[in-house]
Amino acid sequence: MYYTNLLRFLLIVSGILICACSCSDKADRIFVNGTVITLDGNNTIAEAIAVKDGRILAVGSTREIQALASTDTEAVDLTGKTLLPGFVAAHEHPAISAVFRNFLDMSGFTHASAAEA
């Protein structure tokens, strides 16, 4: 009887631990069915990516990444579009900025009125 109760207890605790561990590796958001250009050292091209806590969890096939989803995961269907993870570019034109660096800005963005300019 003692061993049966001990075994039952260990099975319950093991089940809880296994569930807790398996839930922690689930993604917050997945992007599937697209072209993911990783820009890594191997120039890897994938079709899906998983994100957890704002960080890339995994990159791979749509099937591999869907396996990392839970009922709480937001799924984004890229519908064949391309994704560049981590790519951030402000709207800038460095060549034009260099050419105009010595010009005086008389625009309405700098001056409130024509008289002020």
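In what order do the three strands of the open sheet with mixed pairing stand? The order is 3-2-7. Strands here are DSSP runs (E, at least two residues), numbered from the N terminus, and two of them pair if DSSP finds at least two bridges between them. Strand 3 (45-46) and strand 7 (82-83) each have a single partner strand and stand at the edges, so one side of each lacks a neighbour in the sheet.

The model is a predicted one, in which local features need pLDDT of at least 70, side-chain atom pairs count only at pLDDT 80 or more, and totals for chains, interfaces and linings use all residues. Residues are numbered from 1 along each chain as its sequence is written, and side-chain values use heavy atoms, with hydrogens and water left out.

Within the sheet 3-2-7, strand 2 (residues 35-37) runs antiparallel to strand 3, joined by two bridges. Val36 lies opposite Ala46 of strand 3.

Another open sheet holds four strands in the order 5-4-1-6, also with mixed pairing. Its edges are strand 5 (55-60) and strand 6 (74-77); each has a single partner strand, so one side of each is left without a neighbour in the sheet. On average, neighbouring strands of this sheet are turned by 15° against each other, direction ignored; the axes are lines fitted to C-alpha atoms.

Strand 1 (residues 29-32) pairs with strand 6 in the parallel sense over four bridges. Arg29 stands opposite Glu74 in strand 6, and Val32 has Asp77 of that strand as its bridge partner. With strand 4 (residues 48-52), strand 1 pairs in the antiparallel sense, over three bridges; here Phe31 faces Ile49 of strand 4.

Technical notes. Axes fitted to C-alpha atoms, helices over the stretch in contact; angles between N-to-C directions.
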